[in-house]
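Please take a moment to look over the sequence and the structure below before reading on.

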Amino acid sequence: MHFTINGNSYEAEVDIRTSLLDLCREHLGLTGSKKGCDHGQCGACTMLVNGRRINACLTLAVMHQDDEIMTIEGLGTVENLHPLQAAFVKHDGYQCGYCTPGQICSAVGMLDEVKKGWPSHASADLTDVTFDESEISERMSGNICRCAAYPNIVEAIREVAAEQREVTA
Amino acid sequence: MKTFDYARPGSVAEAVQAGGRFIAGGTNLLDLMKLQVETPERLVDISRLDLDQIEEREDGGLTVGALVPNSDLAADPRVIEKYEVLSRALLAGASGQLRNKATTGGNLLQRTRCYYFYDTAAGCNKREPGSGCEAIGGFNRIHAILGTSDQCIATHPGDMPVAMRALDAVIVTQRGDGDKRRIPIADFYRLPGDTPHIENVLEPGELITHVELPAPPEGKQTYRKVRDRASYAFALVSVAAVIAVEDGRIASAALAFGGLAHMPWRNPAVEAALVGQAPGTAAFEAAADALLDGAKGFGTNDFKLPLARRVLIATLRDLTQ
């Protein structure tokens, strides 16, 4: 099978049952994405596929051979952090850190959804979204933090969202 | 997970001939395969087929491709404008990640979240016909109070199908012989009876290709969902409501319910109790009486009877104010 992950090409011979998450972690050495529940309930495995956030544990690798896959390893480097990575460090948006790669990938996808004008369950008006804390909590509900670092996660995301709005305004 | 053959047909015609279990988003099927609740011998990957468009029809309705993801359907400006109840129902379900993957066709076929269905050590007539129902007499907080049988008290877990039931959607399919069918959603789902493992009228190999939404109904629309936490949880009770009021009387009403039955639940008697009446407590209580006629709790889900009444009345009050 052939895959494009973080702009790099990979060839892999894997069992047909292999999830996209296990492909990355167990076969390609990309261990940044984490396995929490392995059933789509915790969000630790969140990746971006063709720019959209999904649960990598709940999809088969074989179904993604023609896709552009982005994991936490592709978002930034130690020297050049992605703005969300920097904001998570600044606001201490974690304790143990296990959910963090999924939180950050999810937030990247989520902010793109907001930019496209997608409403959420928290939107009073589906055609005019006011992006506030309740929107962040609702839109990030697929990412569980067992350490309950939620206030700081929300703060980090809010700061990056505000910066993005200034740039586009 | 048990192993399987994998095929990726290039067209609908090839897919319905492929002979296997269809997979698109996979968010429900792979979950169940990991637990060996589902053990398909062959997966037919339809995720690349050309069924991901939303098209306007001349009658004012929309035709939704079976592969349109839940996220895209919820955010489509035409859906938001004409079918707010559907957008709201979709947004009330699952998480952002899951909605990006889950499809329109797959969501119609989502399987129950009954604890005993998921537990392969437990008796479950839906998973293994003839093995009993441990939800009856067991933990049944999330289970049905309407349309149950002594074989199964599972609920359909979806939100989107509840809205589609209120909107009288039509499910378009293609069979192995190439024949197409248009199945009104009212005729699509089955009650458990003594065959709870058969959940709908699809035949083996029959593929959902589209869902047709009729021209938008008159009136105000909403979807109200009550659950154990504020987000990312299945409905205990939900209601999809479309209500029109003219000259101080309820002119039309479409009400479908989630969390109460083996299928999105709609009872014409509930709507008949409202149409022609002035909005108010008397009419709303009569509608709730009609809804709960024949309802039965199984112990830990007894609370759903008063909860369904209150959710219905609150929703009617909001929409007719």
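A residue is called buried if 20 or more other C-beta atoms lie within 10 Å of its own, exposed if 12 or fewer do, and partly exposed in between, with the C-beta atoms placed from the backbone. Helices (H or I, at least four residues) and strands (E, at least two) are DSSP runs, numbered from the N terminus. This is a predicted model, in which local features need pLDDT of at least 70 and side-chain atom pairs count only at pLDDT 80 or more, while totals for chains, interfaces and linings use all residues. Residues are numbered from 1 along each chain as its sequence is written, and chains are lettered from A and ligands numbered from 1 in the order in which they are written.

Helix 12 of chain B, residues 304-320, has 17 residues that should span 24 Å at 1.5 Å a residue, and its end C-alpha atoms are 24 Å apart, which agrees; the expected span is 1.5 Å times one less than the number of residues. The buried residues of helix 12 of chain B are B:K304, B:A308, B:V311, B:L312, B:T315, B:L316, B:L319 and B:T320. Seen down the axis of helix 12 of chain B, these buried residues fall within an arc of 145 degrees, so they line one face of the helix, the arc being that of the directions from the helix axis to the C-beta atoms. The face of this helix turned away from its buried side carries the exposed residues B:P306 and B:R310. What covers the buried residues of helix 12 of chain B includes strand 9 (220-226), strand 10 (237-246), strand 11 (249-258) and helix 11 (281-292) of chain B.

Chain B as a whole holds 12 helices and 11 strands, and 52% of its 321 residues count as buried. Its C-alpha atoms fill a box of roughly 60 × 50 × 35 Å, taken along the principal axes. Chain B is divided into domain 1 (5-47) and domain 2 (220-320), with bounds that come from an automatic or database domain assignment. The centres of these two domains of chain B, taken over C-alpha atoms, are separated by 36 Å.

Chain B also touches chain A, in a contact that takes 29 residues from chain A and 26 residues from chain B; two residues are in contact if their C-beta atoms, placed from the backbone, lie within 7 Å. Strand 4 of chain A gives the most to the side of chain A that touches chain B, with 4 residues.
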